[in-house]
Amino acid sequence: MASDDGTSFDLVILGGGSGGYACALRAAQLGQSVVLIEKDKLGGTCLHKGCIPTKALLHAAEVADSAKESEQFGVRATFEGIDMPAVNAYRDGVVSKLYKGLQGLVKSRKITYVEGEGRLSSATTVDVGGVRYTGKHVVLATGSVPRSLPGLTIDGNRILNSDHALALQAVPRSVIVLGGGVIGVEFASVWRSFGAEVTVIEGLPHLVPLEDENNSKLLERAFRKRGINFEVGARFSGVEYTAEGVRVSTENGKQFEADLLLVAIGRGPVSDGLGYAEVGVEMDRGYVKVDALCQTNVPTISAVGDLIPTLQLAHVGFGEGILVAERLAGLPVVPIDYDGVPRVTYSEPEVASVGLTEAAARERYGADAVESLTYDLAGNGKSQILKTAGAVKLVRRKDGPVIGVHIVGSRAGELVSEAQLIYNWEALPGEVASLVHMHPTQGEALGEAHMALAGKPLHAHG
Ligand SMILES: Cc1cc2nc3c(=O)[nH]c(=O)nc-3n(C[C@H](O)[C@H](O)[C@H](O)COP(=O)(O)OP(=O)(O)OC[C@H]3O[C@@H](n4cnc5c(N)ncnc54)[C@H](O)[C@@H]3O)c2cc1C
């Protein structure tokens, strides 16, 4: 029986990742007393095993590419190779600085931080190592972990998940990446820049299959140019060890060999054995079911982040955490429009989007009610300076607002911030076209695409 002396709070939050800590920070800001329970490290997947470390690796990859390609710009530099321990030290330095900052922030907001594994014990309590924490409300934010397939054992040695991939101390000679989604494509991009032979295997017909098909095709074209091999529409059928590595078979009868296999087929919720179902929380395949305001069927329990079946992104976790904190503090809140959340794959080139794909827009509004325009970055000065290829594709409702923006190119991720405003403020192409964009910037490509869609193209054929 857990003791509960001095352990009553407005909010008990289980899990200190993006969703949980954002909720804690906002709730404390709103005057709520909060206990945040974390079994591993404050910051969760994003800070320690996800967004931040992978983006540091991708930046190191960009530096390597710049060195290798310097001659194209008339600069004589030599590329001597990758010192993986030094790359890891750089990456860990970034993570540890942010980690310290976050710890300081949690402390400064007077949040009670508890280190330990928690378990939901009732609609208002969580137990951690013999202590019972009681809240007027409980927020579940236990996140997700890498998934595997039946019969595919991740040994952490030759068959890896993303956690293992981040711990490598050397650049592999060759890698097979199973899964052409965001995580798989980002690792493929890093390893190629670092000099590995890379093959991506994807069961669906395209890489980054959730993106607009145009984005997928542009990424595939760029990957082909970079010498990244990929096999799409190929479902995994088995893996065996070879003398030096692994051999992967696919249902289309092909086989692929490499030193390592990275399994990047998605992430599943962390909910097993945590008492959720026992307390009566409605679940769906391990995910906690919530309404549009992240409220479960149990009135005192909310859930956020990768644990609920919404987009598995850190900024979605932040948004949901803030929404819950505000709702529980009695502020007016509105549901998140998940279509309006930007998505970025930080490979080289980057793939970025917000709003609906053209296919989804046609399905939602009818094929005749939707039109699209693709503006090639060939017409964009800054992109030519960077020697990057790609495009901005706009999807709009005929005679209506822009409902999808899809971008591929180096640094495309930075462009999606403006696209997000365009989508979320339901801008008409003509309204964006009338805004003068800076020259020469890649952002100008967004302006030019809207000018073209509004019927007055400048650096494009009309
Ligand atoms: C390789 C990789 C790259 C990624 N890149 C990006 C990116 O660039 N941009 C982006 O937006 N997203 C990215 N993501 C996704 C992002 O990391 C997640 O969406 C985000 O971390 C989800 O936050 P969360 O709080 O729901 O879960 P988590 O971050 O997983 O946090 C959950 C926390 O709960 C703790 N916990 C679990 N069970 C218990 C328990 N019983 N008791 C106490 N604590 C517990 C865990 O230790 C963990 O710290 C990436 C993910 C990966 C794996």
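Reply: A residue is called buried when its relative accessible area is under 20%, exposed when it is over 50%, and partly exposed in between, with a 1.4 Å probe and protein chains only. The model is predicted, and local features need pLDDT of at least 70, side-chain atom pairs count only at pLDDT 80 or more, and totals for chains, interfaces and linings use all residues. Residues are numbered from 1 along each chain as its sequence is written, and side-chain values use heavy atoms, with hydrogens and water left out.

The account begins with one residue and its neighbours. Leu178 belongs to strand 9 (residues 174-178); helices (H or I, at least four residues) and strands (E, at least two) are DSSP runs numbered from the N terminus. Leu178 counts as buried because its relative accessibility is 4%. Contact means heavy atoms within 4.5 Å, and, with neighbours within four places in sequence set aside, Leu178 is in contact with Leu149, Leu152, Ile201, Phe236, Leu261, Leu262, Val263, Ala264 and Ile265. Between the C-alpha atoms of Leu178 and Phe230 there are 9.9 Å in space, and the two residues are 52 apart in sequence.

Salt bridges come next. Here a salt bridge is a side-chain nitrogen of Lys or Arg within 4 Å of a carboxyl oxygen of Asp or Glu. Lys254 forms one with Glu231, and their closest N and O atoms are 3.0 Å apart. Lys254 lies in the loop between strand 13 (246-250) and strand 14 (255-258) and Glu231 in strand 11 (residues 229-232), so this pair ties together parts 23 residues apart in sequence. Glu231 is buried, with a relative accessible area of 14%, whereas Lys254 counts as partly exposed at 39%.

Arg247 is in strand 13 and Glu257 in strand 14, so parts that are 10 residues apart in sequence are tied together. Arg247 is partly exposed, with a relative accessible area of 22%, and Glu257 is exposed at 54%. Elsewhere, salt bridges that share partners join Asp212, Glu358, Arg362 and Lys393 into one network.

Asp212, a member of that network, sits in the loop between strand 10 (197-202) and helix 7. Its relative accessible area is 3%, so Asp212 is buried. Apart from residues up to four places away in sequence, Asp212 touches Thr357, Glu358, Lys393 and His406.

Which strands form the open sheet, and in what order? The order of its five strands is 20-21-24-23-22, with antiparallel pairing; two strands pair if DSSP finds at least two bridges between them. At the edges are strand 20 (343-345) and strand 22 (370-376), each of which pairs on one side only. On average, neighbouring strands of this sheet are turned by 10° against each other, direction ignored; axes are lines fitted to C-alpha atoms, for helices over the stretch in contact, and angles run from 0 to 180 degrees between N-to-C directions. Strand 23 (residues 391-397) and strand 24 (residues 402-409) run antiparallel and are joined by six bridges. Val392 has Ile407 in strand 24 as its bridge partner. Helix 7 (residues 213-226) packs on this sheet, where it touches strand 21 (350-355), strand 22, strand 23 and strand 24, and its direction makes about 0° with that of strand 24.

The loop between strand 20 and strand 21 holds Pro349, which is joined to Glu348 by a cis peptide bond with omega of about 0°. A cis peptide bond also leads from His439 to Pro440, with omega near -10°. Pro440 is placed in the loop between helix 12 (429-433) and helix 13.

Helix 13 (residues 443-453) in turn packs with helix 11 (residues 412-424) at an angle of about 35°, the axes being 8 Å apart. Leu415, Glu418, Ala419 and Ile422 of helix 11 meet Gly443, Leu446 and His450 of helix 13. By class, this contact has four nonpolar, two polar and one charged residues; Ala, Val, Leu, Ile, Met, Phe, Trp, Tyr, Cys and Pro count as nonpolar, Asp, Glu, Lys and Arg as charged, and the others, Gly among them, as polar.
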